[in-house]
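I opened the model and kept notes on a pocket, a helix pair and charge pairing.

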Amino acid sequence: MTANDTSYEGFTEDERAAMKEHAKEMKASARRGAKADTEPDVLAKIAEMEDADRVLAERVHALVKENAPGLTAKLWYGMPAYARNGKVVCHFQSAAKFKSRYATLGFSDQAALDEDTLWPTSYALTTLTPATEERIAALLKQAAG
């Protein structure tokens, strides 16, 4: 490294906290077994969120259940996530999680969203309008394949 390069400072406190949450989730999952119902854990995590994030997360959760019923709710790095065969397809990240100005709805490489050679894998959420919910519903249906 040269004097002008920035040095690696390591993971942020928020990133370390997310990794610790993920380790706890994996241990809990191993104890309960793969077929355990993890939706109550997701609903409890949503209930802990700040008001604006909670409202968005509750509605996203409902949209997933309505439009991608084959996905299973689970926690992923302390975030509500939705998986197919144990692999995360999409997740909700609250704005407070990493002190961001907006929440996001993210999709993994397991989501069937491929479109030509470029497509978005996450979307900023500030409020949910009927048009936004319609778009999310279409994305969820496509992602769930």
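Which residues lie nearest the centre of the second largest pocket? I found Lys45, Met49, Gly78, Ser94 and Lys97 there, among 13 lining residues. I took a pocket as an open set of 1 Å grid points where a 1.4 Å probe fits, with protein on both sides within 12 Å along at least five of seven lines; lining residues have an atom within 4 Å of a point.

This is a predicted model, with local features needing pLDDT of at least 70 and side-chain atom pairs pLDDT 80 or more, while totals for linings use all residues. I number residues from 1 along each chain, and side-chain values use heavy atoms, without hydrogens and water.

Helix 2 (39-48) and strand 2 (79-84) each give two or more residues to this lining. Both are DSSP runs (helices H or I, at least four residues; strands E, at least two).

Next I looked up helix 2 against helix 3 (residues 51-67). Their axes, lines fitted to C-alpha atoms over the stretch in contact, come within 9 Å and cross at roughly 155 degrees. That makes the two helices roughly antiparallel (over 145 degrees). Helix 2 makes the contact (heavy atoms within 4.5 Å) through Glu39, Val42, Leu43, Ile46 and Ala47. Helix 3 answers with Arg54, Ala57, Glu58, His61 and Lys65.

Last, I checked salt bridges (Lys or Arg side-chain nitrogen within 4 Å of an Asp or Glu carboxyl oxygen). I count six in the whole structure. Glu48 pairs with Lys45, closest N and O atoms 3.6 Å apart. Glu48 and Lys45 are three residues apart in helix 2, so about one helical turn separates them.

Note on methods. Axes fitted to C-alpha atoms, helices over the stretch in contact; angles between N-to-C directions. Parallel < 35°, antiparallel > 145°, perpendicular 65-115°, else oblique.
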